[in-house]
Amino acid sequence: MNLYGSLTTVLPIEDSSQVGHARRVAQRLAESLDFGDTDAGRVALAATELATNLLKHAHHGALHLRSIPASTGFGIEIIAVDRGPGFNLSECLTDGFSTGGTQGTGLGALMRQAQCFDAYSDSRGSAVLVQLYPRNVSALPLRVGVNQHSLADDPACGDTWHLAIDEHRISALVIDGIGHGADAQEASAAGAIVFAAEPFAEPETSIADMHQAMSGTRGGAAAVALFDARLKTLRFAGIGNIGASLLSPEKGRGLASHPGIVGSHFRKARAFDYPVEGDHLLIMYSDGLQSRWDLRDYPGLVHRHPALIAALLHRDFCRGRDDVTVLVIALEASRD
Ligand SMILES: [Mn+2]
């Protein structure tokens, strides 16, 4: 199964007039993805409730809205991200608690409406996640989070990501085409097409094939991570500035890339093997994200949904000068 997704749409929520706009954008996205009226209504209600909750607790923030790949077709993910003082989640989930909006359904109702609900809150702010699917569509057997934004909301994004899963393997790609805009997008797309054709090839081979496909374009940085739950290993190969970390609840390690530009020049894309015993997180990111983050600064976050991790790293470490992609994948030992 090959997975890819859309750019994240950022809907600023700074006053109550933007709640209705967010609701309409979310509902239109649902309708375009073949959610029926009832399910599109659930999406609209979720957007309203998240935005209202955000205004109440943080005064301003943003909704991150995107389509997410599902068993068939797509679901919708909405993450409310803020830098407010944080809130007591269990209090907000109590039945009857209203966020004060006219809907008055509260986060508790939202949690029951959504197929997936998770939240993280600390003194730096909060992120609340919901994922909704049309009836008869279910979530993937994989916990993954992506936060991707182009510079200045350019419709062209020079970063791209791709995921493939089978019974016991996950293969992940991130490419950052040099610079940003349409030419960068052309470079990264040329690589992603080749990767998607044979996603479980050896990472070194994938990089070599992408190198050929990307020559004649601007080129870019690329990294491939191939997880095998039976072998309990992650094989990683990267060229250029794609950051990658393999984290367990106890410790983390960086995954090394080699210098060079895929599509132009590099010496060798030698792959490295990393043992993966027990549950781990794989985090891959383009250089639109600073690399000085440490997940241990967010107590408990390592256990939350990967989409929350991606959103919070973006909130706190986006450079704001480039396209940015954060891909977070739960590597589950029980996957086999
Ligand atoms: Mn970049």
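Here is how the conversation went.

Mentor: Gladly, and keep in mind that this is a predicted model. The chain is divided into domain 1 (2-132) and domain 2 (144-335), and their centres, taken over C-alpha atoms, are 26 Å apart.

Trainee: How do you know how many residues of domain 1 and domain 2 take part in the contact?

Mentor: A residue counts when heavy atoms come within 4.5 Å. The contact takes 27 residues from domain 1 and 28 residues from domain 2.

Trainee: What area do domain 1 and domain 2 bury between them?

Mentor: About 2200 Å², with 56% of it on carbon and sulfur atoms. On the domain 1 side, Leu3, Leu7 and Tyr120 lose the most area to domain 2, together 28% of what that side buries.

Trainee: What makes Arg304 and Asp118 a salt bridge?

Mentor: The label needs a side-chain nitrogen of Lys or Arg within 4 Å of a carboxyl oxygen of Asp or Glu. The N to O distance for Arg304 and Asp118 is 2.8 Å, so the pair meets the rule. Between domain 1 and domain 2 the count is 2 salt bridges, and 9 residue pairs are in polar contact across that interface.

Trainee: Which strand gives the most to the side of domain 1 that touches domain 2?

Mentor: That is S6, with 6 residues. Among the other elements giving two or more residues to this side are strand S3 (61-69) and strand S5 (116-122). By class, the side has 12 nonpolar, 8 polar and 7 charged residues.

Trainee: What makes Asp176, Asp287 and Asp322 donors of the manganese ion?

Mentor: A donor here is an N, O or S atom within 2.8 Å of the metal. The OD atoms of Asp176, Asp287 and Asp322 lie 2.1 to 2.2 Å from the manganese ion, so they qualify. In sequence these donor residues are spaced D-x110-D-x34-D. Asp176 sits in strand S9 (residues 169-177) and Asp322 in the loop between helix H7 (306-317) and strand S18 (324-331), 146 residues apart, and the pair links distant parts of the chain.

Technical notes: Residues numbered from 1 in each chain as written. Predicted model: local features only at pLDDT ≥ 70, side-chain atom pairs only at ≥ 80, totals over all residues. Heavy atoms only, no water. Domains from an automatic or database assignment. Buried area = accessible area lost by both parts, 1.4 Å probe. Polar contact = N/O pair within 3.5 Å; in protein donor to acceptor, adjacent residues only side chain to side chain. Helix = DSSP H or I, 4+ residues; strand = E, 2+ residues; numbered from the N terminus. Nonpolar A, V, L, I, M, F, W, Y, C, P; charged D, E, K, R; others polar. Donors = N, O, S within 2.8 Å, 3.2 Å for Na, K, Ca; no water.
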